[in-house]
Amino acid sequence: SKAEMRHTCRGTINLATANITVEDSCNFIISNGGAQTYHLKASSEVERQRWVTALELAKAKAVKMLEESDDSGDESVSQTDKTELQSTLRTLSSKVEDLSTCNDLIAKHGTALQRSLSELETLRLPAESTEKIKQVNERATLFRITSNAMINACRDFLMLAQTHSKKWQKSLQHERDQRIRLEETLEQLAKQHNHLERAFRGATVLPASAPGTGGSAKDPCCPAKGDLSDEDDDNEFFDAPEIITMPESMGHKLVWGFPSPAEGCGAPQQCPSSPYLTPGQYKHQVEDTKKEKRTRIPYKPNYSLNLWSIMKNCIGKELSKIPMPVNFNEPLSMLQRLTEDLEYHELLDRAAKCESSLEQLCYVAAFTVSSYSTTVFRTSKPFNPLLGETFELDRLEENGYRSLCEQVSHHPPAAAHHADSKHGWTLRQEIKITSKFRGKYLSIMPLGTIHCVFHSSGNHYTWKKVTTTVHNIIVGKLWIDQSGEIEIVNHKTGDKCNLKFVPYSYFSRDVARKVTGEVTDPAGKVHFVLLGTWDEKMDCYKVTQGAGDNGAEGRQRAHEAEDSRVLLWKRNPLPKYAENMYYFSELALTLNAPESGTAPTDSRWRPDQRLMENGRWDEANAEKQRLEEKQRSSRKRREAEAARATEDG
């Protein structure tokens, strides 16, 4: 890089002082007259001469640059900076001249004052007056000495400024150059990373076409494209036919609005104040909730994005207020991600049938861990819900539960979630998301409590979520880790389960994403030991302590007793071609499918989210920006109304 040119690294030869000599027709030598000597061999005499000529020209240029640098130390300073510096120095000189003039006047008037005071002393005056005159004379002398000292200090300051200004300016320019080089290096790294990622996707995702054919893909939803080349445009991407299509006649003339209750899902209503799609505009897309759920969404386009170009303009801003393009998103809202916690609802169904509260707690703990299983590959962020946005999922007939989420606060973002099941349980949670950007990684800390109540036994469990960390934010492949501890408490019986999510460590020999736990009674006695990973499975071991056994030995034997092992939970395999569909699970693929009977505020009607799902990212970005600006305006209006109401009492 350019920064290395300022330093002498091992093995380098400064061209300005190098000796270039020719040995024979193909060999030549470069040396610095000291320890470094390179013997180079070209493939032909012509090639050798080309190298020697190029090196001689570069040497001449290096010598010239060295001489220019010696002649004037501030050559790197721009003309604008020179003019500004000269103007400042002229101003300083002018001020010092003014001070010098004042000094001369002070000296002149001071001398006259002292003469007058001396004349007064010669007069025959009372002793008291003579004493006073002496004091005034002494003060006048002190004043003149102080003034002279001040003028001399100003003159010294001007000389110092003139002497060191060039050095300061050069140092400042060096710091500016360093900052610019750092930005360029980071931007270059980000571009290289994006290029490698595109090349990797082009080599792995796109199936190889047989010779002589047009390139038929294994997956009918993904037609093959040509191989990626170094000259690919940044906007080059590989898309698939959209499964959910939108009529071309709509184009950019879609009308977003709430329908009136009388209209239901009928004709579109002209309601520009609403941010949502009128349900009538997607009437042709609506699927019946009783029919088979979809198993595909349009494939993710391979758009490239320069992350540094966004992040460098956001330094110092609050993270939650940085406008991010949809390139960082997945086509689901945060409310839909919360609903994904119910993917393994059968764990709660089985827990409801347990007669033992301790066994029930094991299944609740497994359900808690299972909610993180989808995050291992899901590095994209969900859409931030608008205030008042809802998401309803009715799976009463298929799975026996129904769920409803609502965004109840915008800043800070907070959502409320309620789900109940005909199998005898109710789940509710209120989650507030806080995040901290720490340069290389992003920490996401969900605040709020999750409650689960079983109807037959009355057991009431509560717990909180752990911290999620997204690594390699600027450079490198994004990956997610979960860390922290969860305490699940049964408020009726006093039973507890402590789960520990072990953070990833490069030096640890433990299995990655490990989770351990213990189920204890109110007395603190361990009855079950839990072991597994948050992305694969959770096992349960029953602890049978004999006479004289302490807790540690009993837990150790529980691990060894394979016959007591019970598989509580195992992650479902991802759908085929999930890597092209944002790594969505089978449940996630169905969440944004249009359904009849949903509220106008449902996440399925969000236009930016729908456009992104259909691969129209540019339109989605424009729509997302419009919605965010509209929400900000609405918030300001509400705050103004609240202020007026406060003034009115």
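## Cysteines

The model contains 0 disulfides, a disulfide being a pair of cysteine sulfur atoms within 2.5 Å. Such a link is a covalent bond between the sulfur atoms of two cysteines. For Cys497, the closest cysteine sulfur is that of Cys362, at 6.9 Å, which is too far for a bond.

Cys497 is buried, with a relative accessibility of 0%; buried means under 20% relative accessible area, exposed over 50%, and partly exposed in between (1.4 Å probe, protein chains only). Cys26 also counts as buried, at 18%.

## Basis of the model

This is a predicted model, in which local features need pLDDT of at least 70 and side-chain atom pairs count only at pLDDT 80 or more, while totals for chains, interfaces and linings use all residues. Residues are numbered from 1 along each chain as its sequence is written, and side-chain values use heavy atoms, with hydrogens and water left out.

## Confidence

The average pLDDT (the predictor's confidence in each residue, from 0 to 100) is 78 for the chain, and 77% of the residues score at least 70. Residues 205–274 have pLDDT below 50, yet the model gives this stretch 125 contacts beyond near neighbours in sequence; a contact means heavy atoms within 4.5 Å.

Residues 282–289 also stay under 50, with 26 contacts beyond four places in sequence. Where pLDDT is low, the predicted coordinates should not be read in detail.

## Arg201

Arg201 lies in helix α3, which covers residues 127–204. Helices are DSSP runs (H or I, at least four residues), numbered from the N terminus. Arg201 is partly exposed, at 27% relative accessible area.

Between Arg201 and Asn302 the C-alpha to C-alpha distance is 8.3 Å, across a sequence separation of 101 residues.

Note on methods
Helix = DSSP H or I, 4+ residues; strand = E, 2+ residues; numbered from the N terminus.
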